Amino acid sequence: MPNPDTPSRTDYTAAVESLADRVLGALRGAGDPAVVASQVDEAPDPKVALAAVRVLGPDVFAPALLAEAPFGPGDARAVAESLRIFPPAPDAAPEAAWRDWTTVRLLARYGGGSPGETLTDTPADTPEDTLGVREPTPPGGAGSPGSSWRELSLSMAQLSPLALPNVDGPVHETALDRLRDLSRGAARAMLRRDYPTAARLARWLACALHRGARPDLDTAALVRHLELHCGGGGRTALDTAVARGLLDRTQPQRPGGPTA
Amino acid sequence: MSTPRTTAEAPAPVGRSAHRVSTRALGWLRRHCELGTLPPGTTSDMADPDSIYKPLGETALAASLVLREGLASASEERTARELLDFAWWELRGGDMLYERQLRYMMMVDPLELYAHFVRAGYRHRRLEALLDHLGGLVTMDAVEQVPNRRLAVANAARLTGLARETDWKRLTDATWLGNTPEPWVIDWMTAYCVTHTVFHITDWGARPGDLPPHLEEYLQLWLPVWLDIWREVQEWDLVTELLIVGSCLREPYADPALWEELASVQHEDGLMPRDGKEVEGDAAQRFRDHHHPTVVAAVAGTLALSRAARR
């Protein structure tokens with residue numbers, strides 16, 4: 001008989017969705033700005049809430065990076081606590097390792113420093129300063145030049161929490177280098193009605209636009225369609241909102257062109 | 001004892017799979033062509049032109065392309081010629097096309113069917129005189145058609161040598177593909193429109209250079225995606241048509257793994273299933289259900305082999 005005190009998978013899923021909703025609220029300038037701290041403080045089981053913080057990874061910084069929402073010491077403590085209780089696995093898949101690496105470095109940036117520095121400029125770049133998390137090797141799908149557009153898209157969808165402004169690194173370089181393949185992946189996801197994946201890849205397309213590149217898809221139309229669809233739950237809504245946020249901070253894409 | 005290592009074997013070269021597909025498909029079409037005979041007494045007023053009459057034209061298309069590409073063995077060439085002779089006989093040496101065009105002036109299928117025979121050297125002078133006459137009428141430009149059908153007529157007129165002025169750019173720009181739309185919006189029917197737009201502009205791969213560069217670029221980008229999603233849901237007829245599109249490009253697109261998969265989906269006797277559903281029924285039912293995808297397989301294999309051989 002299951003122990004009623006042991007959190008179930010449903011509890012964890014609900015906690016992730018709840019945190020995603022709260023981050024989304026903060027991104028839109030609504031609700032409690034101390035997103036992470038409040039989520040953990042108010043949770044019936046703080047451990048489950050901390051697990052959700054780990055799952056969202058760099059996305060808990062999205063309101064700070066996109067909407068200049070405050071990220072206070074309480075939030076930083078909660079993220080640090082989540083990393084202590086659920087330490088990054090040494091044998092994690094490259095995609096998970098990159099999400100952890102980025103979370104740790106963003107935490108270093110927001111743990112006491114002021115927002116606005118770019119990640120690569122953060123002084124806390126040494127492994128000692130990043131809770132022992134070392135820079136991963138580039139992810140298999142994304143990093144190997146010979147990977148197919150499908151493999152790359154799968155890998156980059158898992159890396160979508162890195163698609164944020166003022167966050168840079170090898171994964172972002174890959175996104176720019178292989179934008180054409182990411183456009184294919186986004187089109188494929190849309191045609192398969194796999195909106196969660198489409199929203200994740202839309203983030204990378206919007207991120208590329210934000211950096212002055214020109215994706216092969218009309219990214220604004222794609223994001224608008226995802227917004228109207230409103231399916232896929234809190235995380236997809238968050239991915240879509242981040243893509244929207246990146247688009248809103250970008251010069252409009254010239255309409256038309258040969259591969260609209 | 002060591003465990004045997006399983007390594008993914010590289011797929012067969014496109015040319016080999018394509019040849020296998022086309023040879024088997026052509027053989028199936030020849031062995032079953034008697035199932036596609038017009039009932040005795042059929043006139044140009046046929047109630048259901050899609051059941052026998054149009055498939056005769058599709059068979060003629062496949063056979064004419066086998067002869068055009070000139071890479072078939074002597075035995076395959078003979079098979080192709082027999083199929084054309086059979087279909088031409090069924091159409092009473094073209095008289096059926098003539099009568100249908102005379103009775104139904106705005107129908108475009110007589111010209112479209114005729115062009116496949118012209119490609120293989122068959123002629124019907126009275127039909128050509130009739131088509132010349134009709135081409136001079138105002139109605140020909142005013143007839144209400146979907147844009148890719150206008151391209152079909154233009155290509156058939158070009159093959160037949162009819163003196164008609166064609167503004168290919170205007171016709172192309174009117175199609176879905178001509179507008180290079182959002183690739184994630186495409187649906188099943190529109191995908192068929194895209195394939196036919198390409199078939200007619202390039203005359204089934206004979207004129208890859210006629211495809212405007214921006215459409216070549218668009219197709220190079222999105223064709224792999226469309227092939228992938230329709231392969232996943234086993235829409236083999238459409239997948240095979242999209243593979244023909246790959247062979248119509250200036251820089252042909254052919255995925256060896258997909259070609260190998262298609263060859264494995266094809267039945268040993270050459271039947272190409274329309275989709276992933278069970279192939280059912282007697283020979284007549286199978287012919288009705290799977291004649292089209294098997295024609296498409298013969299065309300796709302012939303053109304892919306040809307493009308692979310010429311690289």
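# A walk through a predicted two-chain model

Thr180(B) sits in the loop of chain B that runs between helix H9 (168–173) and helix H10 (188–201). Most residues other than glycine have a negative phi. Thr180(B) is not a glycine, yet its phi is near 40°, a positive value. As for its surroundings, Thr180(B) has 20 C-beta neighbours inside 10 Å and therefore counts as buried; the cut-off for that class is 20 or more.

Asn166(A), which is not a glycine either, has a positive phi of about 60°. Is Asn166(A) buried or partly exposed? Asn166(A) has 18 C-beta neighbours inside 10 Å, so the label is partly exposed.

Now let us step back and look at chain A as a whole. Its secondary structure comes to 13 helices and 0 strands, and the pattern along the sequence is accordingly written as a run of α elements, α-α-α-α-α-α-α-α-α-α-α-α-α. Chain A has 260 residues, and buried residues make up 50% of them. The contacts in chain A tell us about its reach along the sequence: among those between residues at least 6 apart, 74% join residues at least 24 apart.

Gly111(A) belongs to the loop between H6 and helix H7 (140–143) of chain A. With 17 other C-beta atoms within 10 Å, Gly111(A) is partly exposed. Asp75(A) is 36 residues away from Gly111(A) along the chain, while the C-alpha atoms of the two are separated by 8.6 Å.

The next level up is the division into domains. Chain A is split into domain 1 (1–137) and domain 2 (139–260). Where the two touch, 21 residues come from domain 1 of chain A and 21 residues from domain 2 of chain A. On the domain 1 side, helix H1 (9–27), helix H4 (62–67) and helix H6 (94–110) of chain A each supply at least two residues. Which helix gives the largest share of that side? It is H1(A), with 7 residues. Sorted by class, the side of domain 1 of chain A that touches domain 2 of chain A holds 12 nonpolar, 4 polar and 5 charged residues.

Two packed helices are described by the angle between their axes and the distance between the axes. H1(A) packs with helix H13 (residues 233–248) of chain A at an angle of about 25°, and their axes are 8 Å apart. That angle makes H1(A) and H13(A) roughly parallel, and the crossing of H1(A) past H13(A) is left-handed. From H1(A), the residues in contact are Val16(A), Glu17(A), Ala20(A), Asp21(A), Val23(A), Leu24(A) and Leu27(A). H13(A) answers with a set that includes Gly233(A), Gly234(A), Ala237(A) and Leu238(A). By class, this contact of H1(A) with H13(A) has 8 nonpolar, 3 polar and 3 charged residues.

Chain B has a helix pair to visit as well. There, the axes of helix H2 (residues 53–69) and helix H14 (residues 283–309) of chain B come within 9 Å and cross at roughly 15°. H2(B) and H14(B) are therefore roughly parallel to each other, and their crossing is left-handed. Among the residues that meet here are Leu61(B), Ala62(B) and Leu65(B) in H2(B), and Val295(B), Ala298(B) and Val299(B) in H14(B). The residues of this contact of H2(B) with H14(B) divide into 9 nonpolar, 5 polar and 2 charged.

Finally, we come to the place where the chains meet. The contact takes 14 residues from chain B and 14 residues from chain A. The side of chain B that touches chain A divides into 9 nonpolar, 2 polar and 3 charged residues. Arg184(A), in helix H10 (residues 179–191) of chain A, lets us see both chains from one residue. Leaving aside its neighbours within four places in sequence, Arg184(A) is in contact with Trp149(A) and Ser153(A), and also with Pro224(B) and Val225(B). With 25 C-beta neighbours inside 10 Å, Arg184(A) counts as buried.

Technical notes
Residues are numbered from 1 along each chain as its sequence is written. Chains are lettered from A and ligands numbered from 1 in the order in which they are written. This is a predicted model: local features need pLDDT of at least 70, side-chain atom pairs count only at pLDDT 80 or more; totals for chains, interfaces and linings use all residues. Axes are lines fitted to C-alpha atoms, for helices over the stretch in contact, and angles run from 0 to 180 degrees between N-to-C directions. Helices (H or I, at least four residues) and strands (E, at least two) are DSSP runs, numbered from the N terminus. Angles under 35 degrees count as roughly parallel, over 145 as roughly antiparallel, 65 to 115 as roughly perpendicular and the rest as oblique. A crossing is left-handed if the near helix is turned anticlockwise from the far one by less than a right angle, and right-handed if clockwise. Two residues are in contact if their C-beta atoms, placed from the backbone, lie within 7 Å. Ala, Val, Leu, Ile, Met, Phe, Trp, Tyr, Cys and Pro count as nonpolar, Asp, Glu, Lys and Arg as charged, and the others, Gly among them, as polar. A residue is buried if 20 or more other C-beta atoms lie within 10 Å of its own, exposed if 12 or fewer, and partly exposed in between; C-beta atoms are placed from the backbone. Domain bounds come from an automatic or database domain assignment.
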